[in-house]
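Let's walk through this model together, one local feature after another. Please keep the viewer open as you read.

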Amino acid sequence: MHSTLMFILIILPFLAAIVCAIVPVKQVRSAVVVATGALLAVASLLLIGKVPFETSFTSMAGLPLASLTQLADFALLGVILYFGWKHKHQGIKALAIAQLVGLFVLEAFVMDHHAANMAFFADPLSLTLVLIISIVGSVICIHAIPYMENHEHHLRLTISRQPRFFAWLVLFLGAMNALVLTNDLLTFYFFFEVTTLCSFMLIGHDGNELATKNSLHALYLNSIGGLALLLGVGFFQIMLGTLNIQEILRLSPNAAYAMLPMALVCIAAFAKSAQAPFQSWLLGAMVAPTPTSALLHSSTMVKAGVYLVLRMAPGFVGTSLSTYVALFGAFTFLATAVLAVSQSNAKRILAYSTVSNLGLIIACAGINTPAAMAAALFLIIFHAVSKALLFLCVGTIEQRIESRDIEDMQGLFVRMPVTATLAVIGVLTMILPPFGMLMGKWMAIESAAANVPVIMMLALGSAITLLYWARWAGLLMSHPLKGGVTPEVQPMLTKYPLVALCGGAVVLSLLSPWIYSALIVPMLNAANAVNPQASFAAPYLSAKGILGADSGVFPVVPLFILLIAGMYLGVRVLKNAQSAREASIYLAGAQSRTDQTPDSFVGPANQPVKVVNANYYLTRLLPEEKVTCWVNTAAVLLALLLVVGGL
């Protein structure tokens, strides 16, 4: 059974990618994408109840897997070197050559015999990621089918590029599943680099100058992470004599010298999850078609980075490295929240928000207590679902209004009531109770109570986060309803994925106490089994839909009951508002009183001046370029401190 599930979760997407790439018939390709997504979702659900387990494979189609992986490692780096050469990017070429040399030294001189099999390990942490990748990722792939039709229509392409787009999209899912399920760090490195190549191809999909430039930038920064990971792999092999991840976690707490490779692995994770100063690649990736952005942010790429830090966290618990990781994550959370405030481009807001929330997850990994680890897993789950929903809503809106500026979305509820409502619900699930993201933040802040700098950054960052989310949601709904609402018609494969993600965000929040008992407590127990010194005891009690601890309670189910009551009252007020008399805007007594200019005031020349409603983005106070410069400088210093602390 394990072998079958592994085949579906890892190998099937690779086979589906080949079919997508070579079959020119659109209907066949769409059927393959839908069928692959459905099989991945079912296989991931069947994995529940079967963890933890460990399994290994020695061969595939009669060929030794270990040798195949080694060859594939070199071939993959050769491909990256080719793209660096093709585009004359010196940084990519240098990093690819450095990794080729490092990999050769590692394979030829450091490792006597690399494991003769490919080991996989599934526990609650990897299961959580598999569920996110296979279900949320598949929903995004299905939504991309009608989206890419419209996208190519807008680009006026005569030859479709969809075969290769969907090939890379579904291959990405298989690589991510392999990455979170492998128990061998060298195999992890291979799939880590596969995701780098997938993101490069998808970001540069449109093939224009801007897309190519940003895809190369992403490849360059992620190659830095790849080199850091390879160095970490080499040091682990030299210092601990093993690349078995569970064995590394067991040995590391008693080996202070293992903190250097731990620090290098953390740097690799920071690059992959676009933490400062690496965030620019994720901002640049916004030029890609929106399904790519949704996939990168919710269920692939950046999640690989935070998964890596969380996976290795039991190995550096109680060390100074752990403290530096917490500071680094908290700083990124606050700094990128500040950068998001000055944005009106919806995709840039989402990008900064992703970096910020990933910083919060990394801060939790650095705090490294049971409560913090529970918070991190909740944040991963709810961020994945809500962020996928918001990206797909933005993509759908952009194709209708041809703008990503949230100022152009003012009153969108009247023109696109379904998508605007789903987007608003998506925003609310990011910031308000009783939804899971707020619960995760509450847990994170509670767990940081003993660390004053971290808790200050988390509290301030949370307040700023509320500002830019509330501003956007308000814009979507701010329009008089007197003129009526236009019915919205969307293709089935556009509407249902949005509704499914929205329903998932709400239902998962409602089920969070049971998710805690079924998934998070076993994850903490698994961490205890590997590293008993860490004492990962369950920090909360779950009873009757309420999560509680000595520090307080989060009454999930009672809050949902209050939410339903509030929605009922809101609907009643909305019905009454539609028949109410519309009042003009109060302008401190300076209104123009004529019927022709009801929303005007009397200007200095005694002429009516039209009132314009717009938000203030603090661009003079917080200029993005200058703030980014300061943020990157501070982040580089923190990263150096982290590596030096690992020596």
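Lys88 is exposed, with a relative accessible area of 67%; here buried means under 20% relative accessible area, exposed over 50%, and partly exposed in between, using a 1.4 Å probe and protein chains only. Lys88 sits in the loop between helix 3 (65-86) and helix 4 (90-110), and its phi is positive at about 55° although it is not a glycine. Helices (H or I, at least four residues) and strands (E, at least two) are DSSP runs, numbered from the N terminus.

Before going further, a word on the ground rules: this is a predicted model, in which local features need pLDDT of at least 70 and side-chain atom pairs count only at pLDDT 80 or more, while totals for chains, interfaces and linings use all residues. Residues are numbered from 1 along each chain as its sequence is written, and side-chain values use heavy atoms, with hydrogens and water left out.

Ala274 also has a positive phi without being a glycine, with a value near 60°. Is Ala274 buried or exposed? Ala274 is buried, with a relative accessible area of 0%, and its place is in the loop between helix 10 and helix 11. That loop, between helix 10 (259-272) and helix 11 (280-284), also holds Pro277, which is joined to Ala276 by a cis peptide bond with omega of about 5°. A cis peptide bond also joins Pro433 and Pro434, with omega of about 10°; Pro434 is in the loop between helix 18 (417-431) and helix 19 (436-447).

Now to charges and rings. A charge sits over a ring if NZ of Lys or CZ of Arg is within 6 Å of the ring centre and within 35 degrees of the ring normal. Lys93 places its charged end over the ring of Trp85, 4.5 Å from the centre. Lys272 lies over the face of Phe192, at 4.2 Å from the ring centre.

A pair of aromatic rings is described by the distance of the centres and the angle of the planes. Rings of Phe, Tyr and Trp (its six-membered ring) pair if their centres lie within 6.5 Å; planes under 30 degrees apart count as stacked, over 60 as edge-to-face and the rest as tilted. How many aromatic pairs does a search of the whole structure find? The search gives 15. One of them, Phe378 with Phe382, is stacked, at 5.8 Å centre to centre and 20° between the planes. These two residues are four apart in helix 16 (residues 370-401), so about one helical turn separates them. Both Phe378 and Phe382 are buried. Tyr516 and Tyr540, in turn, form an edge-to-face pair, with 6.1 Å between centres and 80° between planes. Because Tyr516 lies in helix 22 (residues 512-530) and Tyr540 in the loop between helix 22 and strand 5 (541-543), the pair ties together parts that are 24 residues apart in sequence. Tyr516 is buried at 1% relative accessibility, and Tyr540 is buried at 5%.

Next, the nonpolar interior. A nonpolar core is a set of buried Ala, Val, Leu, Ile, Met, Phe, Trp, Tyr and Cys residues joined through side-chain atoms within 4.5 Å. The largest such core has 223 residues, of which Phe236, Trp281, Met312, Phe316 and Trp472 touch the most other members. Helix 16 gives the most to this core, with 22 residues. Contact means heavy atoms within 4.5 Å; not counting residues up to four places away in sequence, Phe236 touches residues including Leu185, Pro261, Val265 and Met312.

Ser199 belongs to helix 7 (residues 185-203) and counts as buried at 1% relative accessibility. Leaving out residues up to four places away in sequence, Ser199 touches Phe172, Leu296 and Met301.

Finally, the cysteines. A disulfide is a pair of cysteine sulfur atoms within 2.5 Å, and by this rule the count comes to zero. Cys141 is in no disulfide, the nearest cysteine sulfur being that of Cys20, 9.0 Å away. The sulfur of Cys502 is 7.8 Å from the closest cysteine sulfur, in Cys393, which is too far for a bond. Cys141 is buried at 2% relative accessible area, and Cys502 is buried at 7%.
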